[in-house]
Amino acid sequence: MATSRTEGSRKSKAGDPVANRQKQLEAFTQAPENLLTTNQGVVLPDNHNSLKAGIRGPSLLEDFILREKITHFDHERIPERVVHARGAAAHGYFELTRPLVEYTKADFLQEVGGRTPVFVRFSTVVGSRGSADTVRDVRGFAVKFYTREGNYDLVGNNMPVFFIQDAMKFPDLVHAIKPEPHNDMPQASSAHDTFWDFISLMPESSHMLMWLMSDRAIPRSYRMMEGFGVHTFRFVNARGVSHFVKFHWRPKLGKHALAWDEAQKIAGKDPDFHRRDLWEAIDGGDFPEWELGLQLIDEERAAKLGFDLLDPTKLLPEEIVPVLPVGRLVLNRNPDNFFSEVEQVAFHPGHVVPGIDFSNDPLLQGRLFSYTDTQLSRLGGPNFHELPINRGVCPMHNFQRDGMHRMTIPRGRVSYEPNTLANGSEFRVDGGENGFQSFAEALESPKIRRRSPSFDDHFSQAALFWNSQSPAEKEHIIAAFQFELSKVEVPAIRQRIVDNLAHVDGRLARKVAEPLGIGPPDARSAAGRAGFRAASAKPLLESAPSLSMEAGGGPIHTRKVAVLMAAGVELGAYKVIQQALQDVGATVKVVAGHLGFIASSSGQQVAIDHTFQNMPSVMFDAVLVPGGAASAQLMMKNGDAVHFLLEAFKHCKPLCLIGESAEILRRAGLLPEEGPTPAGVLIGTNEPTARLQLAQDFIAAIARHRHWMRAHIEQVPA
Ligand code: HDE
């Protein structure tokens, strides 16, 4: 009786357990996010405690819930990409703006206005997954087009050429540039002996080295860098006529770089700088955009160019073959899950669609094998095409079967062709015209393991790049070589590099050699070395303006402006400039010694966004310092405020100083008593009639991005 009384009372308190359970199951089905289950769908009773023999006893092996959770966790990491391990990506679309019917039959390149979904991954090459974004490196620019004819991947970089001419040298290049094998250092950097040792013996790298030592290797943002297909590809039209094609992505925001000192500091202050920049822009509705441009050239004309288009250490100057704008790429959606999408996306230059084909570039040919091979080990088997991010948007049907992690369930008994059992009549694939047809290039040559003599010129395009740079860009290249080589411990390696550089430009080689404690560059010694095919063809052009970034400019949309202030600040001119900046889409943030509010000279309360310590100057593109004697005095006594301004000065950022705040720079000896102010430094007053003009001048200075030729920057300690 006692038992039934207890049961009875329990039932009346908690209701009918069977009905309760039904209710619970229904609730779970309708809103599974309110509960947690095992991977088999069994609802967890508790996600904090393991099963124990007694409340203070040992854990039980029987606890399948604990074991499943920990086992899954143990296997959370997959091998990182052997190169391009660190990346960020976004979804978007490609829209055609010019039909390409006469050049290619690719369906997504036929109809103007047609939109193709894309997933784009940007990356650094050398660093591990957790390395910093702003290191000196090449950036990957990989685009997956989900077309109606299958996925097309354009797996490019932000530089139009590459280090090596033949895939055979890729493992050597990557081994040389990655951290050294004995001590696994340095991380994400080419500034060490093994890289320069290898490079000094590979003069074919000369052209790419110039790009790597230039500001292209330290972009301000993924949104502000160009992309290139690098190799020469083929377009083939419906009549089977082929053209060579080179791909260019051109950022709408212009192409811009960081200063090297700034890039290194950002690596510590915000290692996610580029990743965050991309994420925040898309999140805030500022969708990054690129124009797709093509260089199209028929094979006959290509043969007369004076260099070999199949050589990936050469670019096709757009001054010779102009770039035809044909479409736009817009990124408008961040991934939902980094691992599922950005980590698991599998690009492959061999993913082409009918109408797009390969050239015989020996580097490209090697890539065609490599990418599937690497995905097999990285993604754990041959079924990675079934992962949501890699699935096409068109139907897929073949008889490949089984394998690790098969996700779909093929039906029926037939997994071979030809057959009659699938549909009761004969099924046979007969190679019809609709399938992918490789361009029927005529080939009849002996097998040979040699480099074409047409690849022998290693210096003329390196010289073309050098000659096309502005004076400031040249200084940056010299400084980058000096920095990298100063980290090289073996003097003979430094010497070999400058000897090689003498074949690019005598002044460049001499300047680089100056602080390195080695002898002057000796071109003859380089030319005397084994493997050095010194032939340098006559340059095609004296210089190619399209290769310089400085001429760039561009809208200041999404550029970040810091406003430094302290109590007693005068708000008049600041308000006008702030409004003007916001009207053109720039972000304006107030930075001060503390969070909260600051009282202006007229007693107004100004909300502070950041402190000098938590948001350093390297996070901004420009600095505005409003006037007000009290504010300027306070800032002059605050080392963090002074450092903020001086650092921005050193990094050649546009500065606008109003009224008394100019004194901060003057005291540092950076503003001459008379004569012109340093480039990109605007000194304004609080005079109401001058405010609008000052705002316009500041916007124009920001549009130029950096004022690299600024005087006195060497006076500011780094
Ligand atoms: Fe790659 N490259 N690569 N590469 N590459 C990879 O594939 C390889 C080359 C590029 O965001 C790997 O999935 C070889 C040139 C990008 O996921 C690997 C050779 C260019 C990405 C591989 C090259 C690229 C990769 C590593 C010389 C510019 C990142 C993980 C024959 C046109 C894609 C992976 C992403 C990734 C091999 C040279 C671009 C190992 C063998 C030239 C943007 O398969």
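**Strands and helices**

I count helices (H or I, at least four residues) and strands (E, at least two) as DSSP runs, numbered from the N terminus. With that in hand I looked up Arg 328, and its place is in strand E9, residues 324–333.

Before going on, I noted that this is a predicted model, where local features need pLDDT of at least 70, side-chain atom pairs count only at pLDDT 80 or more, and totals for chains, interfaces and linings use all residues. Residues are numbered from 1 along each chain as its sequence is written, and side-chain values use heavy atoms, with hydrogens and water left out.

**Arg 328**

Buried means under 20% relative accessible area, exposed over 50%, and partly exposed in between, with a 1.4 Å probe and protein chains only. Arg 328 comes out at 21% relative accessibility, so it counts as partly exposed.

Next I listed its contacts, where contact means heavy atoms within 4.5 Å. Leaving out residues up to four places away in sequence, Arg 328 touches Tyr 93, Phe 94, Glu 95, Arg 115, Glu 289, Trp 290, Glu 291 and Leu 292. The side chain of Arg 328 also makes a polar contact with the side chain of Glu 289, at 2.9 Å. A polar contact is a pair of N or O atoms within 3.5 Å; within protein, one must be able to donate a hydrogen and the other to accept it, and residues adjacent in sequence count only if both atoms are side-chain atoms. I also took a distance: Arg 328 and Gly 517 are 189 residues apart in sequence and 49 Å apart in space, C-alpha to C-alpha.

**The whole chain**

I stepped back for the overall numbers. The protein chain has 21 helices and 18 strands, and its C-alpha trace spans about 100 × 85 × 55 Å along the principal axes. Of its 718 residues, 49% count as buried. Among contacts between residues at least 6 apart in sequence, 74% join residues at least 24 apart.

**The ligand and its iron**

Which protein residue donates to the iron atom of the ligand? I found that the only protein donor is Tyr 371, through OH, at 1.9 Å. Donors here are N, O and S atoms within 2.8 Å of the metal (3.2 Å for Na, K and Ca); water is not among the atoms, so sites may look incomplete. Tyr 371 is found in helix H11, residues 362–378.

An N or O atom in the side chain of Arg 81 is 2.8 Å from an oxygen atom of the ligand, and one in the side chain of Arg 367 is 3.4 Å from a ligand nitrogen. A polar side-chain atom of Tyr 371 lies 2.7 Å from a nitrogen atom of the ligand.

**Strand E6**

Are the faces of strand E6 covered or open? I found both covered: in E6 (residues 233–236), Phe 233 and Phe 235 on one side and Arg 234 and Val 236 on the other are all buried.

Two strands pair if DSSP finds at least two bridges between them. E6 is joined to strand E7 (residues 242–251) by four bridges, running antiparallel, and Phe 235 has His 243 as its bridge partner in E7. The hairpin of E6 and E7 has five residues between the strands, and Gly 240 there takes a positive phi near 85°. E6 also pairs with strand E10 (residues 356–358) in the antiparallel sense, over three bridges; there Arg 234 has Asp 357 as its partner.

**The six-stranded sheet**

Last, I traced an open sheet of six strands in the order E15-E12-E11-E16-E17-E18, with parallel pairing. E15 and strand E18 (681–684) stand at the edges with a single partner strand each, so one side of each is left without a neighbour in the sheet. Inside the order, three bridges join E11 (residues 560–564) to E16 (residues 622–625), and Ala 562 stands opposite Val 623 in E16.

On E15 (residues 610–611) I picked Thr 611, which counts as buried at 11% relative accessibility.
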